[in-house]
Every structure is written in C-alpha cells, then in structure tokens.
Amino acid sequence: MRTELTISDDKIDEHALLQKRVMPAGVGAAVYFLGAVRGTEEGRAISAIEYEAFHQMASRQFHLLFDEAGKRWPVESIRLVHRVGRVEVGEASIWVEVVAAHREEAFAACQFIIGEMKRVVPIWKRPVNPGL
Amino acid sequence: MAANSFIVALVRVRVHFYSYFKDLAGAAEVSECVAPGSTLEELLRILFARFPKLAAMRKSILIAVGVDYQGADYVLQEGDEVSLFPPVQGG
C-alpha cells in the first residue's frame, strides 16, 4: 500500500493533488474527501480557524491509521493533506484520498480515516472571530 | 554521611502542553522530577498541584509519552517527553 502524508501551513492545491493521482491497472475506485472551514462555529460567525498540531505525534498517529485501514480493506493507496496555521472560511483544511479496487473499500477506508482522525490525531482548532 | 543514609536519583521528565492547556499551565513546557518507579498518575498529581487550572480538565486529558498514547499506569523513565492535551479536533 502506498501512503503520502502532508501536514503543512501551505494552502491545499486540490488541482495538483488530482493531477498526481495514480490508478494502476486492476484498480477501479478513487474516493476523496475535502473538508473546508465553515463560516460558523457552534452557531457563531467566524472568519477563520487556527489549526495547531503536535507534528511528530500527528504523523505517527496518521500512519497507524493508514496501517489499520490497510489491514481492514484491500487499499491501493492513501493520500492525506492536513493544513495547519490559519485557514480562512471556505478554504480546505483537509483532503483525503483512498484508491482501491472497488468503491466499497475505498468509501469505507476513507470514512474510517476521517472518523478515527478526529479521535486520535493530535490536531486542535481555535476559531478566529470576525475582524481578527 | 550517616550509615543509614542513601541517595535516590530522581527521574527527570519534560512535560509539553498543547492547545489551550498551554494557557491553563501558563507555559508550553516544564521540567519535573519524580521518584523512581513513579507513574503518569503520580506525575499528574504533581502537575495538578503546580497548575490548579489543569486539574479541572482531569477527566478529558489525553497523555502521550513520545509519540504514543499512554495510560495513567505507565512508569516514567529518565528523559521521557510527556505531552498533555485536550481532546483532539482535526479535520
């Protein structure tokens, strides 16, 4: 299984990510999820979110999740980009792609990674109020 | 030195705080010394006394040593890098 992880304060370039997609013969499904910053947080308007990561541990925990996904489903590749620092409303904060032979395992693995990430990967967010 | 005296080398660890725990502790990292054989639970007791605002978070605190999660019964080793943080919120 091929994996790629990027944790960076650079903007997520979805176009570039899609151009680098690798679909070997025998692989028929690519599922990806893009998460963007909403304009409200707990009912209040915000202008951005500041993401903070414990980088070394986040990398370790993401790779443990990738390994677990690979054990549960026959996955060809996983690519994940998580942005840190200030992310404006409407900008992408996370992008995850799973490539697999069939859609069932691609959807399931993608959902698993996103769900578990919110439980174990040490990244936190701090909403930024409008005007700041 | 008296015949029944002995020296116990304390275990020194570094403690890192993340997210709003930095605000509660008023620092991003501190050093602590604990008795040999001490667990994370005993370290927490020391830290809660030193940083009372952290004690209010005891039920939701997550603990790692190095880059792996550990439970309260983990026995601390010299030079351990301990991290304390609130529930994670990525995505």
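The following exercises, with worked solutions, concern a predicted model.

**Exercise 1.** Determine which residues of α3(A) are buried and how they are arranged around the axis.

*Solution.* 
Step 1. Locate the element: helix α3 of chain A covers residues 103–120, which makes 18 residues. From first to last C-alpha it reaches 26 Å, close to the 26 Å expected at 1.5 Å a residue.
Step 2. List the buried residues of this helix: A:A106, A:A109, A:C110, A:I113 and A:M117.
Step 3. Examine their directions. Because these residues cover an arc of only 100 degrees around the axis, they fall on the same side of α3(A).
Step 4. Turn to the other side of α3(A), where A:E104, A:G115 and A:R119 are exposed.
Step 5. Identify the packing partners. In chain A, the buried residues of α3(A) pack against β2 (29–36), α2, β6 (75–83) and β8 (92–100).

**Exercise 2.** For helix α2 of chain A, state the span and name the buried residues.

*Solution.* 
Step 1. The helix runs over residues 55–72, and its 18 residues reach 26 Å between the first and last C-alpha, close to the 26 Å expected.
Step 2. Buried in α2(A) are A:M57, A:A58, A:Q61, A:F62, A:L65, A:F66 and A:A69.

Notes. Residues numbered from 1 in each chain as written. Chains lettered and ligands numbered in written order. Predicted model: local features only at pLDDT ≥ 70, side-chain atom pairs only at ≥ 80, totals over all residues. Helix = DSSP H or I, 4+ residues; strand = E, 2+ residues; numbered from the N terminus. Expected span 1.5 Å × (residues − 1). Buried ≥ 20, exposed ≤ 12 C-beta atoms within 10 Å, placed from the backbone. Arc of directions from axis to C-beta. Contact = placed C-beta atoms within 7 Å.
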